[in-house]
Amino acid sequence: KEYKKLDNSITIGYIGDLILLENQLKLSNNNFDYMFNNMKERFNNTDYVFGVLEGPVDDNSEYSYGNYSDNKDLKLNFPTSFLKSIENSGIDFVTISNNHILDRGIDAYNSTLTNLNNSKLDYTGTKNNYKIINIKGLKIGILSYTYGLNYLNNNDYKEYTNYLVNPYSKEFNRYKKLIHKDFVKLKKSNVDMIIVMPHYGTEFNYRIDLYQKIWNDFFICEGANIIFGDHPHVIEPIEYRNNSIIINSPGNYINSYIGHDSDISMYVKLYIDKNSYKIISTEITPIIATKDKEGKYYPELL
């Protein structure tokens, strides 16, 4: 009976931060399919897969500079071939609400939007933007936010992406009201479920911080059914709240920095009942970043 329920479910997948560091770009020969080959079957066996595009995609700007551990000012930017590999892997949706999306400036940001619009990927993360998708009759509204943007002051956040203010900020209540309006818009669209994709938390921390807890509580109270969090770069616990689920952080997807256990990540697959639209099961695939003879990191399933 349980297998029958799973076979008749709608499935949604979530993978962690999609990042290319400087060393990965040097070794890639502009082809990134190797990063996804071991995961394609799982992605393709899921009805719809979400991920986090952790940086701009612009062939006219300098690509990623830095590797976390080399004392360089980390600035990310990916070639369009990386976006193509993501698209071909079976991933369907990315959020661009993250601290790196403006690392290469406004022109690279605008190029990223153009490249995404020219791809088959759905996305959200621009200012005042939300997305409604339909998966086998299941109507899902998606909201995404970030705690901030690198190298920019607070006023710049407001123009380009949805800002998730620090709970200790004097503006906390004002931003809660703004985000409340986002939920109201989705509910008026008669969505069956709401997914929130927040970019938040403490890097390389294995437990959620107060920032995450306060915003998670708020999202759940507003009606979020699924929270797909990211940014800590390591795995954090999954939480269940009545009929809602919180994936605080699945960890990074494959990248060349493996310190602080950031070589370990997970692919999360949710099974949703077709009739009640309740989450009935959660499946986790543990992944480790493994280096081949050429020095390239690829996903090995544990």
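Predicted model: local features only at pLDDT ≥ 70, side-chain atom pairs only at ≥ 80, totals over all residues.
Residues are numbered from 1 along each chain as its sequence is written, and side-chain values use heavy atoms, with hydrogens and water left out.

To stay with His 100, this residue is placed in the loop between strand 3 (93-95) and helix 5, where helices (H or I, at least four residues) and strands (E, at least two) are DSSP runs numbered from the N terminus. His 100 has 4% relative accessibility and therefore counts as buried, the classes being buried under 20% relative accessible area, exposed over 50% and partly exposed in between, with a 1.4 Å probe and protein chains only. Not counting residues up to four places away in sequence, His 100 touches Glu 54, Gly 55, Pro 56, Leu 74, Leu 76 and Asn 150, contact meaning heavy atoms within 4.5 Å.

Now the sheet. In what order do the 6 strands of the open sheet run? The order is 5-6-7-8-10-9, with mixed pairing, and two strands are taken to pair if DSSP finds at least two bridges between them. Strand 5 (131-135) and strand 9 (238-241) are the edge strands, each pairing on one side only. On average, and with direction ignored, neighbouring strands of this sheet are turned by 20 degrees against each other; axes here are lines fitted to C-alpha atoms, for helices over the stretch in contact, and angles run from 0 to 180 degrees between N-to-C directions. Strand 9 pairs with strand 10 (residues 244-247) in the antiparallel sense over 4 bridges, and there Tyr 240 stands opposite Ile 245 in strand 10.

Helix 7 (residues 172-188) packs on the sheet, where it touches strand 5, strand 6 (138-146) and strand 7 (193-199), and its direction makes about 165 degrees with that of strand 6. Helix 8 (residues 210-222) lies across strand 6, strand 7, strand 8 (226-228), strand 9 and strand 10, and runs at about 35 degrees to strand 9.

Turning to the aromatic residues, rings of Phe, Tyr and Trp (its six-membered ring) pair if their centres lie within 6.5 Å, with planes under 30 degrees apart counting as stacked, over 60 as edge-to-face and the rest as tilted. By this rule the count comes to 20 aromatic pairs. Why is the pair of Tyr 109 and Tyr 160 edge-to-face? The ring centres are 5.3 Å apart and the planes stand at 75 degrees, so the pair falls in that class. Tyr 109 in helix 5 (residues 105-117) and Tyr 160 in helix 6 (residues 154-160) are 51 residues apart, so the pair links distant parts of the chain. Both Tyr 109 and Tyr 160 are buried.

Trp 215 and Phe 219, by contrast, have ring centres 5.7 Å apart and planes at 25 degrees, so they are stacked. Trp 215 and Phe 219 also belong to one aromatic cluster with Tyr 145, Phe 172, Phe 183 and Phe 218.
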